[in-house]
Amino acid sequence: MISIEDFVKVELRTGKVIEAARIEGSNKLIVMKVDIGSENRQIVAGIGKVYTPEELIGKTIVVVINLQPAKLMGIESQGMLLAASDDEGRLSILTTEREVKTGSKVK
């Protein structure tokens with residue numbers, strides 16, 4: 001359990017995927033350029049077994065934007081996209097139901 005004070009430290013924003021590509025040498029990592037309103041961020045996600053880069057472009061996703069950058073296979077990730085998975089491991093990225101302004105705060 002975490003307190004509400006801990007939870008409010010997590011900054012969630014909407015972002016629009018403007019570029020996406022597979023990372024060479026990985027069967028699941030995809031690197032994306034995501035517009036979060038104030039800037040573009042590079043985000044690496046392990047969703048390549050379920051999504052192709054082409055189907056990600058143009059999607060509005062939910063992104064954690066205040067994580068410290070991390071390197072995956074030598075490529076810096078400047079945030080984390082949110083996704084859900086069921087007991088069978090089926091993965092679904094979190095998107096918005098309606099069109100919202102890029103960079104909108106998720107509450």
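Analyst: A residue counts as buried when its relative accessible area is under 20%, as exposed when that area is over 50%, and as partly exposed in between. Please keep in mind that this is a predicted model.

User: With that cut-off, is Thr-14 buried or exposed?

Analyst: Thr-14 has a relative accessible area of 3%, which is under 20%, so Thr-14 is buried. The residue belongs to strand S1.

User: What does the side chain of Thr-14 reach?

Analyst: A polar contact is judged by the distance between N or O atoms, with a limit of 3.5 Å. Here the side chain of Thr-14 lies 3.1 Å from the backbone oxygen of Lys-101.

User: With which residues is Thr-14 in contact, leaving aside its neighbours within four places in sequence?

Analyst: The list includes Asp-35 and Ile-36, Thr-60 and Ile-61, and also Thr-96, Val-100, Lys-101, Thr-102, Gly-103, Ser-104 and Val-106. Gly-103 can be examined from its own side: beyond four places in sequence, its contacts are Arg-13, Thr-14, Ile-36 and Gly-37.

User: Where is Gly-103 found, and is it buried or exposed?

Analyst: Gly-103 is found in the segment after strand S9 (91-93). Its relative accessible area is 13%, so under the 20% limit Gly-103 is buried. As for distance, 15 Å separates the C-alpha atoms of Gly-103 and Gln-78, which are 25 residues apart along the chain.

User: How many bridges join the paired strands, and which residues are partners?

Analyst: Strand S1 (residues 12-22) and strand S2 (residues 30-35) run antiparallel and are joined by six bridges. Within this pair, Val-17 has Val-34 of S2 as its bridge partner. S1 also pairs with strand S4 (residues 60-64), in the antiparallel sense, over five bridges. There, Gly-15 stands opposite Ile-61, and Lys-16 stands opposite Thr-60. S4 in turn pairs antiparallel with S7 over two bridges, and Val-63 is opposite Leu-81 in S7.

User: Which way do the residues of S4 point?

Analyst: Side chains along a strand can be sorted by the direction in which they point. From S4, Thr-60, Val-62 and Val-64 point one way, while Ile-61 and Val-63 point the other way; all are buried. S4 is accordingly described as mostly covered, with five of its five residues buried.

User: What does the side chain of Arg-41 reach from strand S3?

Analyst: The side chain of Arg-41 reaches two backbone oxygens: that of Ile-65 at 2.9 Å and that of Gln-78 at 2.8 Å. Arg-41 is buried, with a relative accessible area of 15%. Its contacts beyond four places in sequence are Met-32, Lys-33, Val-34, Ile-36, Ile-65 and Gln-78.

User: Finally, which residues line the largest pocket?

Analyst: A pocket is read through its volume and its lining. The largest pocket has a volume of about 160 Å³. Its lining consists of Ile-4, Phe-7, Val-8, Val-10, Glu-11, Leu-12, Lys-105, Val-106 and Lys-107. By class, six of these residues are nonpolar, none is polar and three are charged.

How values were computed: Residues numbered from 1 in each chain as written. Predicted model: local features only at pLDDT ≥ 70, side-chain atom pairs only at ≥ 80, totals over all residues. Heavy atoms only, no water. Pairing = 2+ DSSP bridges. Helix = DSSP H or I, 4+ residues; strand = E, 2+ residues; numbered from the N terminus. 1 Å grid on protein atoms, 1.4 Å probe; cavity = no way out; pocket = protein on both sides within 12 Å on 5 of 7 lines; lining within 4 Å. Points joined across faces, edges and corners; volume = space filled by probe spheres on them. Nonpolar A, V, L, I, M, F, W, Y, C, P; charged D, E, K, R; others polar. Buried < 20%, exposed > 50% of the residue type's maximum accessible area, 1.4 Å probe, protein only. Polar contact = N/O pair within 3.5 Å; in protein donor to acceptor, adjacent residues only side chain to side chain. Contact = heavy atoms within 4.5 Å.
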